[in-house]
Amino acid sequence: MEYSELVRILEDLVRLPIYGIIGKLKDTPILLSTVEGKVSISALMGDKLRVLTKEPIASSAIPKSHLDFVPFARDVEKGKELHSIYIVNLKGEEYEVASPKLRIFSLAYDEKNIAFIGSSQSESSLYVIEGGKIRKIANVPPFSFVTDLNGEYIIGSGVLKGNPKSQEFFVADLSGNIRIFTPKDGSINTAYYIKDNKIYIISDYENPGESYWIYTFDFQKYERVEFSEKDIYNYKAVELYYNPEDLLIIAKRDGQSKLFFNGKMLNTLDGTINGATKIGDNVYFAHSSLVTPYRVYKLNLRNNKTEVIISNREVDIGKVEYVKIRNGDIEVPTWIIRANKPTKIGIVYVHGGPWAEVDNGWDLLIAPLVYAGFNVIAPNYRGSTGYGSRFNLMNIGDPGGGDLSDVVRARDYAIENGIAEKIGIMGYSYGGYMTLLALGKLPDKWDFGIAGASVADWVEMYDLSDSFFKSFMEVLFIGKNLDLMKNRSPISYVNNVKAPLCIIHSQNDTRTPLVPVLRYVQELQKGGKTFEFHVIPNLGHTIYKIDDAIDLLLPALIFLKKLFG
C-alpha cells in the first residue's frame, strides 16, 4: 500500500461525520456533530442540519426544551483545556458570557443562570453565572460534575464522601448550601434531572454492582420509576439513561444499546444509540456500529417505522464478532473486528478512560486500522463501563494490574484462535499508558506498540496535574499512593522494552502532560531501543477538529506501513 493510499484511507474515514443527539430546543432536535470538520452544536431543521457554533466546542449543557439557547464551553488556550463559556441560540447567534479560564467538564442552566464546576491547580468549585457575572458558590470535591439547574437548585454527582468505590449526588442552592445524598452507602448514583420537584437519579443501590435502575427523590424518599410497557424489564439492561420529559430510555447490554418509549422497545438496528429526543409522534435518534458510520433516524411512534434523515457514506471495513474471553474468574467482553483483506497481523486496541468502553459504535481510532488491513481485538478490561458497577470498579486500587492481565489474555486469545500471528498493542490516553506498561512488563508478548497521549510516570504526572486530575489519580490509586504509582509507571520498566514503538503526543496536553513522556523517550534513547516519537504542536488531549485526528493517526499508520508494507 502506497503512502498516498494510507492518507486517502485515513481522510476518507475520519472525515465521515459523527452525530449525537443531545436534546431539543423549541421542538428542534439539537446535535453535536462534526459535519463541518469540527465539533459543533447543530440544529436539525426539517431534514437539513444547520451548524450553529462558529469554532470547535469542548462541551455543552443538556438543552432545555422550552428555551431557544444552550450554553457551551470552548477551549481558549490551544488545547490546554482552559475554557470560556458561551451561549448559542437557534438563529446561530453566539455570545461569550464568561471567561473563567478554568477546566470545565460540566455545565447546567435555566432561564436565568448557568452553573458549572471549574477546576484550577489548587481547587474545584461550583460557580454560577448570574447576569453575566461569575460567582463562586462553594468548593466541591474535585471529582464531581454538575448536571442540572432548575430555579433555586443545582444538582450533580461525584465521589463526594471520600470513598473511591462509591458515588453520591449533591443538591446545592444559590446561597452556597450543599447537601450530599445517597440511597445506600457504597452505591453508585448519578443525579441528572429535576422535574416536578423531584430529582431523577440512576442508581445501583437495589442491585449492587450488577445493574442500574431509575429512581426519583423528593428529599424524603426514593421511588422506582415504573413503565406501562414491559419490554424494558425483559431486556435486562445493565445501564440506562432515561429522559422523563420524553419517556425515552436508552438501555445498554453486552456492548450494544436499544431505544425504548415508556418501556416499549422501538425498531432500531444492532449497534449503539448516540442520543435521542421526541417531538410530537416522532423520535429522532443517532446510531452507528463498529462497521457502520453514524446516521440520524426518525421513527414514527404510530407505526414504528424508521427512516434515515441524515445519511453517511457507505463503507465496508470488515466483520464484527463479540466474545467473552475467560481470564481466571473474570469474563472479558471483547470485540474482534476482522479486516476484509485476509491478514495475520493483529492489533490489541486498548480504550482510554479507564472508565469507558469499546461498544458496538463507530470508533474514530479503530475504523482506519481495520480498513488499512489489520485485525483489531478490543477488550473491555476490568474497569470498563457497560457491564455493571462491580466490573467498572475492579481496577480502582489496581491500575495496570488486573486490567493489564485482561488485555494480555485478549492478546493470547487472538494468537490461540488464529486471528493473528504477529500482534501489537495500541491505545490513547489510559490506553496509551497500558501500551507502554505492557511493552515494558511483558516485552516478549508484543511485536510492536503505538502509544498516544500516554502516561509514562504517574508520580510526575501527579505533581504536574490540576486539582481535578490529582483527584482522578487519588480515586484510581485509592489515595496519594506514591509507591503504587511508581510500581505501575511504565518508566519503571522502560529498559525492558523490545518491540518497535511509536509514541504520539500533543504539545499542550494537560491531562497526560508531555514532560514525563519526554523523560521516557530519553530512557529509550539511552537504551538503544527502536522507536519513533511524534509531538503534535498546539494540540491538547481532546480532539476538537477532524484535522487534529488525522495529525494523531497518520504517524501510526505510517509506522505500521514501515513494519508490514
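Biologist: Where is the kink in α11?
Modeller: The kink lies at Leu 553, shortly before the proline Pro 555, and is about 30°. Here the bend at a residue is the angle between axes fitted to the seven residues ending there and the seven starting there. Helices (H or I, at least four residues) and strands (E, at least two) are DSSP runs, numbered from the N terminus. This is a predicted model, where local features need pLDDT of at least 70 and side-chain atom pairs count only at pLDDT 80 or more, while totals for chains, interfaces and linings use all residues. Residues are numbered from 1 along each chain as its sequence is written, and side-chain values use heavy atoms, with hydrogens and water left out.

Biologist: How many residues does helix α11 have, and how far does it reach?
Modeller: Helix α11 covers residues 546-564, so to speak 19 residues, and reaches 26 Å from its first C-alpha to its last. That is close to the 27 Å expected at 1.5 Å a residue, where the expected span is 1.5 Å times one less than the number of residues.

Biologist: What follows α11?
Modeller: Gly 565 does, with a positive phi near 80°.

Biologist: Changing topic: which residues touch the most other members of the largest nonpolar core?
Modeller: Ile 214, Trp 458 and Tyr 520 do, in a core of 84 residues. Helix α6 gives the most to this core, with 7 residues. A nonpolar core is a set of buried Ala, Val, Leu, Ile, Met, Phe, Trp, Tyr and Cys residues joined through side-chain atoms within 4.5 Å. Buried means under 20% relative accessible area, exposed over 50%, and partly exposed in between (1.4 Å probe, protein chains only).

Biologist: And what is in the second core?
Modeller: That separate core has 56 residues, including Ile 21, Trp 362, Leu 364 and Ile 536.

Biologist: How many aromatic pairs are there?
Modeller: A search of the whole structure finds 40. One of them is Tyr 433 with Trp 458, edge-to-face at 5.0 Å centre to centre and 70° between the planes. Rings of Phe, Tyr and Trp (its six-membered ring) pair if their centres lie within 6.5 Å; planes under 30 degrees apart count as stacked, over 60 as edge-to-face and the rest as tilted.

Biologist: Where do those two sit in the chain?
Modeller: Tyr 433 is in helix α6 and Trp 458 in helix α7, 25 residues apart.

Biologist: Are they buried or exposed?
Modeller: Both Tyr 433 and Trp 458 are buried.

Biologist: Why does Thr 216 count as buried?
Modeller: Because its relative accessibility is 8%. Thr 216 lies in strand β18.
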